[in-house]
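Please describe the fold of this protein and the local features of its backbone and aromatic side chains.

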Amino acid sequence: MPTKLLLDLGATYSWVNCDDYISSTYQHVPCNSSIANSLGSYGCVDICDGPPGPNCANNSFLFLPDNPIKPVDYKKVNGLNDALVDYLALLNNLGSLSSIDNFIFSCARTGFLKGLAKGVTGLASLGNSNLSIPVQINKAFSSSPNCFAMCLSGSISQPGVALFGSKGPYNFLHGIDLSKSLLYTPLIFNPLGRDSVPNTHTLSPEYYVGLTAIKVNGKMVAFNRTLLAIDGQSGSGGTRISTVVPYTKLQSSIYKAFTLAFLREATSSAFNLTTTKPVKPFSVCYPASAVKTTQMGPAVPIIELVLDRQDLVWKMFGSNSMMRVTKKSVDLWCLGVVDGGTIDGPSIMIGGLQLEDNLLQFDLQSKKLGFSSSILSKGTNCADYKFPTRKV
């Protein structure tokens, strides 16, 4: 059955709403089975008191799924849900379907879907976990690289692409192979992040990168750079990549320094922009009529994320830094970066807007991230991937 799932770079395992799950091939995971023993300590039910089905079986291993968009109210929705094994099929580069016959995932309830996009019935785990989709694909097709890439479309009508078990070529329209132009930086894994188990080798499945500085229009932003490192005691700090937050979040002191730098550069003679009354959740907005449009989106100061070397820079042009807001009599371009407060967690979370029309390659074997910056500069976009035609 074609299934729409939320892509989550920080999830340990995938889940699907089983209240209306239809399959003749699913199997439950028995307690104390070899599969259950390999999954760790979640839970187990001896006797299910409901009607038999995907989310109810005796002697069944249980997961505790969550919704990263809108927290689940476990007082109203049963948090513990059955683990299942079933087929997962994906289109391959020959245009036909390749399947995994023992894909492990969790059931969930309809109440888990609150806050998700229309038609989405679950979550696809892309995290650094033995149960994530890319890792399970690698186990099933061991000759393929333990690697995946994704290119999120900036279009609301044309989809992007996720590619598993391949380091390239990544062929887009006009004969462009984006695998040849990627830059690479080490992936960092937080020993105290989400789903990590302290005092063991179980790291968080979330992906961090070693950001060392931020530039706006080529000028360094001044802030406390110790916030860019992961704190070994609390697990807070660092820079995480996320597909489940819509805009980049900055820790409050970094956010203040960054927005001041952006405002200063935007008022320079090169841009000559004057702010107007912002709309939530943004604090920096400009009248759309005052902002010029380029191939790279709105003409605003370029944001540069300096990674583990001073010459290794992830560039954010207007298409990835600005959000168009049109409602009633309002037509604005707003800086798509928000104040993340001072709560525990990453100091910087690079969000969905900043990932659009960027190709990212997660090499789990070599523990490195390949990134393209905006591919609009190459005259293509994430909706232009040359996907093979399925053979009947």
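The report below goes from the overall architecture to aromatic rings and then to selected backbone features.

## Basis of the description

This is a predicted model, in which local features need pLDDT of at least 70 and side-chain atom pairs count only at pLDDT 80 or more, while totals for chains, interfaces and linings use all residues. Residues are numbered from 1 along each chain as its sequence is written, and side-chain values use heavy atoms, with hydrogens and water left out.

## Overall architecture

The protein contains 5 helices and 29 strands, these being DSSP runs numbered from the N terminus (H or I of at least four residues for helices, E of at least two for strands). Its C-alpha trace spans about 70 × 50 × 45 Å along the principal axes.

Of the 392 residues, 50% count as buried, where buried means under 20% relative accessible area, exposed over 50% and partly exposed in between, with a 1.4 Å probe and protein chains only. Among contacts (heavy atoms within 4.5 Å) between residues at least 6 apart in sequence, 67% join residues at least 24 apart.

## Aromatic rings

Rings of Phe, Tyr and Trp (its six-membered ring) pair if their centres lie within 6.5 Å, and planes under 30 degrees apart count as stacked, over 60 as edge-to-face and the rest as tilted. The count by this rule is 16 aromatic pairs. In one of them, the centres of the Tyr13 and Phe63 rings are 4.1 Å apart with planes at 25°, so the pair is stacked. Because Tyr13 lies in the loop between strand S1 (6-8) and strand S2 (15-17) and Phe63 in strand S5 (residues 60-63), the pair ties together parts that are 50 residues apart in sequence. Both Tyr13 and Phe63 are buried.

Elsewhere, ring pairs link Phe148, Phe164, Phe189, Tyr207 and Phe362 into a cluster.

## Backbone features in loops

The peptide bond from Gly168 to Pro169 is cis, with omega near 0°, and Pro169 is in the loop between strand S10 (161-164) and strand S11 (171-172). The bond from Lys280 to Pro281 is also cis, with omega near 10°, and Pro281 lies between helix H3 (252-266) and strand S19 (285-287). The loop between H3 and S19 also holds Asn272, a residue other than glycine with a positive phi of about 55°, and Asn272 is exposed at 58% relative accessible area.
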